[in-house]
Amino acid sequence: LKSPSAFPVYLGNIYLLIGFFSSLCGKIYLMRSSESIIGHSPALAACLDQVSRLAGIHRPVLLQGERGTGKELVAQRLHYLSPRWEAPLVKVNCATLSDNLLESELFGHEPGAFTGATRMRKGRFERAEGGTLFLDEIATMSLPLQEKLLRLVEYGEFERLGGQATLHIDVRVIGASNLDLRTHVRAGRFRADLLDRLSFDVVHLPPLRHRTEDIAELANHFALHMCAELGWELFAGFTEMALQQLERHAWPGNVRELKSAVERSLFRWDRPTTAVDKVIIDPFESPHASADAAAPPVPDTTADSRHTKDFQSLTRDFEIGLLRRALSENGRNQRRAAAALGLTYDQMRGMVRKYSLS
């Protein structure tokens, strides 16, 4: 160095090079990964551009999107494009674990913390040291656990379940939910201070109906994988009619539903050398529905006799039906049945006696 004042500039360039190579390695990993985000639509491109810019920032991020939009894949992208790409990426689905089990799973426990805890166990946060922890379905987390998570996100410290020592950890937290967490805050089911801390930025994943340009590309990708599983030598593609059918559907289950529909359609298609002409979107649709619709309706004699009754008889039958259904659904418990119908207990007892339903 010719001048001591130039040292910070050189040092800064070295850090930039390290960051560049870290990002490059992360991109290579993503390209080699078997699961990737597929599509070129403007909505998806804008989302991925936001994710790429967030990757290098050491801040919590929230992923908001409907089921099947690829929140876990976006979390992977955030991690492997970040300087933390060499450290662990640990994933937890909060909805699949009870409160006690989730607390132990996240923060670990000491021997004797609960029945069966015979040795110390590190939690997911400790296992993600230096890396990223992805908390899926974070809206299902209980309020006491949210308070413990807030302290960890805020100060990077926590205690294991049953422990006294305060531990320090360096972990980036990525939360995900298909629900509006602001609504949960207003309802008292989610802590406002935790939401403020987690939402340094919120990535809104576009539903498939907002990225119809990607449907054909996704469908062909899933079809090629299914062809290999079925042992087909090639994939003849989809006809124009099948592609239109795919693009017209709203896809409430998004990419996950599309994948299932494509795989199901190829499985049922018995002509591998011919382009797929029909997509089976709804597996519950009965092939006998059209025959039933064409058959003449069976005359309903009970309907004719019912309409001959007077108003009082019809009202009485209706009330009895409501009462019987409520009692049946509530185990013959009159208090619960009354609450289900919006009646008082005394009103319910009187009507049960009136119609001899006891």
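Predicted model: local features only at pLDDT ≥ 70, side-chain atom pairs only at ≥ 80, totals over all residues.

A: Numbering runs from 1 along each chain as its sequence is written, and side-chain values use heavy atoms, with hydrogens and water left out.

Q: How many residues are in the largest nonpolar core?
A: It has 28 residues. Such a core joins buried Ala, Val, Leu, Ile, Met, Phe, Trp, Tyr and Cys through side-chain atoms within 4.5 Å. Among those with the most contacts inside it are Leu 106, Phe 125 and Met 141.

Q: Which element gives the largest share?
A: α6 does, with five residues. Helices are DSSP runs (H or I, at least four residues), and strands are E runs of at least two, numbered from the N terminus.

Q: New topic. What is phi of Trp 251 near?
A: Near 50°, a positive value in a residue other than glycine. Most residues other than glycine have a negative phi. Trp 251 sits in the loop between α10 (240-248) and α11 (254-268).

Q: Is Trp 251 buried or exposed?
A: Trp 251 is buried, because its relative accessible area is 0%. Buried means under 20%, exposed over 50%, partly exposed in between (1.4 Å probe, protein chains only).

Q: And Ser 356, buried or exposed?
A: Exposed, at 64% relative accessible area. Ser 356 has a positive phi too, about 55°, and is found in the segment after α16 (345-354).

Q: Where does Arg 316 lie?
A: In helix α14 (residues 311-329). Arg 316 counts as partly exposed because its relative accessibility is 42%.
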